[in-house]
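Hi everyone, thanks for coming.

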Amino acid sequence: MTDIGGRPRRRDRRKRIIGAAAAGAVVLGVAVAVVEPYANDWWVTRNACGGSLPEGVLEDLGAGRADDDGHLYAHEETLDERLGRYRCEVNDASSGRGYRFRASAYTSRDDVERRLSDDFSGREPARLALPAGLPGYESQRGDLVLTLDCPRLGEGGSGKPRKLHTRAQIPGYFGDDESGDEPGIGSSYDAGARAAVALANKASENLRCGAETLEVPAEVTRPEPVPLEETAGTPCAALARAPLTREDTWSVQVRMSKRAPVGSCLLERERDGAESGRAAEKTEVLDLTAFHGDFSEGLWKAAGREKPWVSGTEGWATARCGGTEAVFRARALGGDGRTPVLSAGEVRSVLADFAERQAARRGCTQPQVPPGISDSGPRG
């Protein structure tokens with residue numbers, strides 16, 4: 001069978017969704033393009049994700065795409081209260097294979113901890129807080145993640161409130177480093193973030209989470225780096241006091257938020273490539289990151305230390321924030337690709353300043369900062 005555009009109907013997709021329903025998930029909505037494209041656009045936009053998406057976001061998410069003139073094809077929505085899972089996906093018209101927006105939400109402890117483990121393990125854990133003061137972060141792959149307490153679901157095994165973990169994916173966005181300045185990414189990021197907030201509210205309702213209702217921002221702009229001298233009044237003010245050479249041009253990516261479980265201050269040296277005939281480029285030289293939440297204990301243990309330490313070009317400090325562990329990290333990444341921009345003693349000084357400022361912002365205990373420089377780096 002085909003729809004009126006001649007495209008084969010996606011029976012395999014319908015069968016897969018119905019199979020999921022038999023296993024406990026409830027199909028809240030399935031629509032496949034069988035009508036005139038503009039009418040189908042209206043229908044999908046109106047009904048996708050339980051009708052929760054803000055006006056215009058699906059159109060903005062398709063900015064710069066030429067798939068069948070940007071028309072929509074289908075939407076899918078499933079809910080499994082028993083497993084604490086909710087999912088929504090909106091598909092493009094191009095053979096129905098691409099997605100315009102995709103998001104999943106989880107409330108079970110195992111699901112949440114598994115995804116936190118993916119995001120906060122290894123040498124490069126997630127570190128970018130979402131803009132606009134949103135309670136979330138970007139994963140290493142560019143997923144937009146929102147985390148909220150679920151008061152209606154009671155406490156988990158740790159005696160703390162269970163969480164709602166919502167992650168949304170934006171087509172074509174793979175994080176700042178990989179996405180660059182591709183056409184449409186700016187508007188897609190804004191639309192995707194606003195859609196993620198609306199989806200988190202809908203997921204809380206469907207999964208009986210009882211989380212605070214988030215206000216959908218009018219705009220969510222990816223932060224641009226600011227000159228070093230302009231960080232004095234920001235959460236990255238510790239960098240303004242770092243002993244850096246003033247002959248160079250420095251900028252800072254300020255990705256911090258009081259409501260996010262992670263945040264970062266990334267110092268970059270700007271190089272003018274005119275002499276070599278290349279475009280101007282930036283080199284990452286120092287990263288300050290704050291981690292808040294139970295997952296931060298895993299980061300601490302992975303370092304193989306029992307106490308805060310600074311060694312070489314890396315250091316860690318800890319604090320307690322509302323009964324939860326917090327970890328602060330400083331890493332000197334190199335000034336010219338070979339020579340660290342700060343000594344170990346200077347890294348410790350910047351780390352202490354950063355940790356104290358962050359602890360004060362979040363109402364934490366006085367942070368434990370390394371008293372001196374260790375002879376060796378992380379163990380294990």
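Let's start with a question: which side chain does Asp-287 meet in a salt bridge? It's Arg-329, at 3.2 Å from N to O. This pair links distant parts of the chain, with Asp-287 in strand E12 (residues 281-292) and Arg-329 in strand E15 (residues 324-332), 42 residues apart. Asp-287 is buried, and Arg-329 is too. And before I go on: this is a predicted model, so please keep that in mind.

Some of them share partners, and that joins Glu-76, Arg-87, Glu-89 and Arg-102 into one network. Inside that network, Arg-87 and Glu-89 form a salt bridge whose closest N and O atoms are 2.3 Å apart. Arg-87 is partly exposed, at 26% relative accessible area, whereas Glu-89 is buried, at 4%.

Arg-102, also in the network, does something else as well: its charged end sits over the ring of Tyr-99, 3.8 Å from the ring centre.

The charged end of Arg-115 sits over the ring of Tyr-106, 3.8 Å from its centre. Arg-115 also has a salt bridge with Asp-111, at 3.7 Å from N to O. Why are those two about one helical turn apart? Because they are four residues apart in helix H4. Both Arg-115 and Asp-111 are buried.

Now for the aromatic pairs. There are six of them in the structure. One is Trp-42 with Trp-43, a tilted pair with 6.3 Å between centres and 50° between planes. Is Trp-42 buried or exposed? Exposed, because its relative accessible area is 51% and the cut-off for exposed is over 50%. Trp-43, at 40%, counts as partly exposed.

Then there's Phe-120 with Phe-295. Their ring centres are 4.0 Å apart and the planes are at 20°, so this pair is stacked. Phe-120 lies in the loop between helix H4 (109-119) and strand E5 (128-129), while Phe-295 is in helix H7 (residues 295-302), so the pair ties together parts 175 residues apart in sequence. Both of these phenylalanines, Phe-120 and Phe-295, are buried. They also belong to a cluster: ring pairs link Phe-120, Tyr-137, Phe-291 and Phe-295.

That's my tour, so over to you for questions.

Conventions
Residues numbered from 1 in each chain as written. Predicted model: local features only at pLDDT ≥ 70, side-chain atom pairs only at ≥ 80, totals over all residues. Heavy atoms only, no water. Phe/Tyr/Trp six-rings, centres within 6.5 Å; stacked < 30°, edge-to-face > 60°. Buried < 20%, exposed > 50% of the residue type's maximum accessible area, 1.4 Å probe, protein only. Lys NZ or Arg CZ within 6 Å of the ring centre and 35° of its normal. Salt bridge = Lys/Arg side-chain N within 4 Å of Asp/Glu carboxyl O.
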